Amino acid sequence: MLLHLFSSRVNNMRLLPFSLFCLCCQVSAAGTDFEVNTMKFPEAVSVLWNQILKRPFMLSPELTQDARMLTLHIHPDNDEREFILRYLENMNVKVVQKKGIDYLYTYKPVISPPRFYTYTYTPRYRDVPYLAQALGTSFTQSVANAGADGVQISSAEQPFMSTSGDTFVYRGTKRNIEQIEKLLDEIDVRAEQVLVSAFVFEVQTNEKNGSGLVLASKLLNDRFSIGIGSKQGYGNFIQFNGPSFDALYELFRTDNRFSLVSSPRLRVVSGQESSFSVGASVPTVGSLTYENGTPVQSIVYRNTGVDFKVRPLITRDLVSMKIDQQLSDYAETTTGVNNSPTFTTRQIVTNVNMKDGDIIVLSGLAENKDGEQNTGLSFLPKSWSTKSDQKQSTDLLIVIQAKKV
């Protein structure tokens, strides 16, 4: 390749070979048009100082081994020295003049820490923990060690975002504050709510009738043509959208095997948990202590019954519902300690996706009993129990509907 030297002000132009370079460069005596394409750093500096600046120079030892490539174009309107020094400064290379000689060496620039400002905001609809979680950690990451090419950024302060309290407080750069202000307009909006309606039934079944869910599906299918198929049946629950919720209550009430335990209605904020419980507190024997040599037996009350928790999450097209259903019961048995009753607990935790207004019939918490005895949950009225000499099952059935408010 050749190095071409051209003069824009001198009429006599000449062409000089330069075998050390693999690029074409144009130079004029006054007003330079010079171009370098992907030339190694030491060779490029040699060309610039020998042909353009025409000054003696010295490279620091580490720069003689610098493998970085230079690409630049000096226009005749540019000040050659100012242009070259600015280009090298962007590469963290400093040029110092001493006794007519330019010394080139590398340096690490000192970057001033960012200036921090404090921003406060009173939430309109959401609380401070929600806002802080929605904004995430991108606004609170440390600014130290954030420089490129090994450049260290020292800062006596670090960004801060409050995660509690009744006022949102942020301390950071002006740019981050501007971004947070825009985001708060999008995330501090009124949360959607769901009206969760439910009926809890105790269902008395036997071997011939099957489970409580089977009985429910038969009633639904006879009246509304709904069954447990591959599309609507999911093991321990049925999901459908059709009749009104109160119509289902009237349907189950016509069958004396279904006894209503509870009918809660809950208004739940999207993403929050709500629960209802139906049952009784049962006294049990606690620890034994002595006061002045006299034994004192403590009594501990344990809750039994139905514990039902829901956590709906509203999206554009669905209501995702986490359902936690637990049934606890007790019985007077000989295996208890000091005549304390024996407790049993059954629990189902499931997640379902529902459309607005869908109805779910959930089952799976059953208690089986054999022989001639009273069947029914212990915490329910005795009039609800029945005597039988065959295998009986007491199943708990929950009918639940979620509607956006």
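**View 1. Phenylalanine 308 and its ring partner.** Phenylalanine 308 has a relative accessible area of 1% and is therefore buried in this predicted model. Phenylalanine 276 is buried too, at 9%. The rings of phenylalanine 276 and phenylalanine 308 form a tilted pair, because their planes meet at 40 degrees, with centres 5.1 Å apart. This pair links distant parts of the chain: phenylalanine 276 belongs to strand E13 (residues 274-291) and phenylalanine 308 to strand E14 (residues 294-314), 32 residues apart.

View 2. The structure holds ten aromatic pairs. In one of them, phenylalanine 199 and phenylalanine 201 lie with ring centres 6.2 Å apart and planes at 45 degrees, so this pair is tilted. Phenylalanine 199 is buried at 7% relative accessibility, and phenylalanine 201 is buried at 1%.

**View 3. Surroundings of aspartate 102.** Aspartate 102 lies in strand E5 (residues 101-106). Its relative accessibility is 0%, so aspartate 102 counts as buried. The side chain of aspartate 102 makes a polar contact of 3.0 Å with that of arginine 81. Beyond its neighbours within four places in sequence, aspartate 102 is in contact with residues including Trp49, Arg55, Phe57 and Val95.

**View 4. Helix H1 and its end.** Helix H1 spans residues 41-53, and its buried residues include Phe41, Val45, Leu48, Trp49 and Ile52. Just after H1, lysine 54 has a positive phi of about 55 degrees. The charged end of arginine 68 sits over the ring of phenylalanine 41, 5.9 Å from its centre.

**View 5. Arginine 126 over a tyrosine ring.** Arginine 126 lies over the face of tyrosine 130, at 4.2 Å from the ring centre.

Terms used: Residues numbered from 1 in each chain as written. Predicted model: local features only at pLDDT ≥ 70, side-chain atom pairs only at ≥ 80, totals over all residues. Heavy atoms only, no water. Buried < 20%, exposed > 50% of the residue type's maximum accessible area, 1.4 Å probe, protein only. Helix = DSSP H or I, 4+ residues; strand = E, 2+ residues; numbered from the N terminus. Polar contact = N/O pair within 3.5 Å; in protein donor to acceptor, adjacent residues only side chain to side chain. Contact = heavy atoms within 4.5 Å. Phe/Tyr/Trp six-rings, centres within 6.5 Å; stacked < 30°, edge-to-face > 60°. Lys NZ or Arg CZ within 6 Å of the ring centre and 35° of its normal.
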